[in-house]
Amino acid sequence: MNTFILFSSVMVSVVVSRPDGPVGHHAGHPHHHQVHHGAQVHHSSPVHHSTVHHSSPVHHIAHPVHHSVHQVHHNVHQVHQSAPVPKAAPQTIAELVVGNPNFSTLLAAVKAAGLVDTLSGEGPFTVFAPTNSAFDKVPTDALNSLLADKEALTAVLLRHVVPGAALQGKNIPPGATKLETAGGEEITVTRDNYIHITSSAGTADVVLFDVIASNGVVHAVNSVF
């Protein structure tokens, strides 16, 4: 009996002293839970919700700048449309002759004959105007004599003027057309590839067409006829 009691006491002591016994198992458990609850470090995610993500108001501030540039564009467009260029008024035949250096000899002849006012009149007139080169073909003595004789000079000049019409090149029909001049003479205007004029005193060719004036049209010719 005493032997059995002694054996039981030894067995209880062995069980209590085992490292995997109840004390050893529960001793490690608190450490396990402590580490697990330390996972609160993982929940430090409030850093993720910082105000850096909500900095987008800077994006919306740029819109007013965009619209202001658009407004400037329309202002420039309005300035572009508010600058029309006025057209110059047409000159009279007399003013065209005065303003063109190629007609300086003709201008002197018109002044000598007293026809400036005539060529400034209402018209309409078609003028076959001799250039300086055309007058150069006239011998110097003959030209000086002509300029000194107002009546003869007026007759020559009026031979180059057709009253009552402003005939542009397109208005002259192909072939020969007879026209009455301001001096009462008759000239023949022939249109083929060019325009030729024939009078009782000579012939000429048109070298510059359709100089439009307020009271007619001027065609420059290469000879005095």
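# Notebook: a predicted chain, looked up piece by piece

**Entry 1, T118.** I started at T118, which is partly exposed, with a relative accessible area of 36%. I am working from a predicted model. T118 sits in helix α6, residues 116-119. I then looked at the distance from T118 to I93. The two lie 25 residues apart in sequence, and their C-alpha atoms are 9.5 Å apart in space.

I stepped back to check confidence. Mean pLDDT for the chain is 76, with 61% of residues at 70 or more. Over residues 1-77 the pLDDT stays under 50. For that stretch the model has 1 contact beyond four places in sequence. Where pLDDT is low, the predicted coordinates should not be read in detail. I made a note of that and moved on.

I listed the secondary structure next. The chain has 9 helices and 7 strands. It runs to 225 residues, of which 26% count as buried. I also looked at contacts with a separation of 6 or more. Residues 24 or more positions apart account for 60% of these.

I went to the loop between α3 (57-81) and α4 (93-99), where T92 is found. Is T92 buried or exposed? Its relative accessibility is 14%, and the cut-off for buried is under 20%, so T92 counts as buried. I asked which residues T92 touches, leaving out those up to four places away in sequence. They are L119, S120, A213, S214 and N215.

**Entry 4, helix α9.** I took α9, residues 150-158, and looked for its buried positions. They are L153, T154, V156, L157 and L158. An α-helix has 3.6 residues a turn, so residues three or four places apart point the same way. What do the buried residues of α9 pack against? I found α5 (104-113), α8 (140-148) and β2 (161-163).

I searched the whole structure for cavities of 30 Å³ or more and got 1. I wrote down the lining residues: V97, L106, V110, L115, L119, V127, F128, P130, L157, H160 and V161. Two elements give two or more residues to this lining, α5 and β1 (125-130). The largest share, 3 residues, comes from β1. I sorted the lining by class: 10 nonpolar, 1 polar and no charged residues.

Two residues turned up again here. L157 is one of the buried residues of α9, and L157 also lines the cavity. L119 is touched by T92, and L119 is in the lining too.

How many salt bridges does a search of the whole structure find? I got 1. R159 pairs with E185, and their closest N and O atoms are 3.1 Å apart. R159 lies in the loop between α9 and β2, while E185 lies in the loop between β3 (175-180) and β4 (186-191), so the pair ties together parts 26 residues apart in sequence.

I checked accessibility at both ends. R159 is at 11% relative accessibility and counts as buried. E185 has a relative accessible area of 24% and is partly exposed.

How values were computed:
Residues numbered from 1 in each chain as written. Predicted model: local features only at pLDDT ≥ 70, side-chain atom pairs only at ≥ 80, totals over all residues. Heavy atoms only, no water. Buried < 20%, exposed > 50% of the residue type's maximum accessible area, 1.4 Å probe, protein only. Contact = heavy atoms within 4.5 Å. 1 Å grid on protein atoms, 1.4 Å probe; cavity = no way out; pocket = protein on both sides within 12 Å on 5 of 7 lines; lining within 4 Å. Points joined across faces, edges and corners; volume = space filled by probe spheres on them. Nonpolar A, V, L, I, M, F, W, Y, C, P; charged D, E, K, R; others polar. Salt bridge = Lys/Arg side-chain N within 4 Å of Asp/Glu carboxyl O. pLDDT = per-residue confidence, 0-100.
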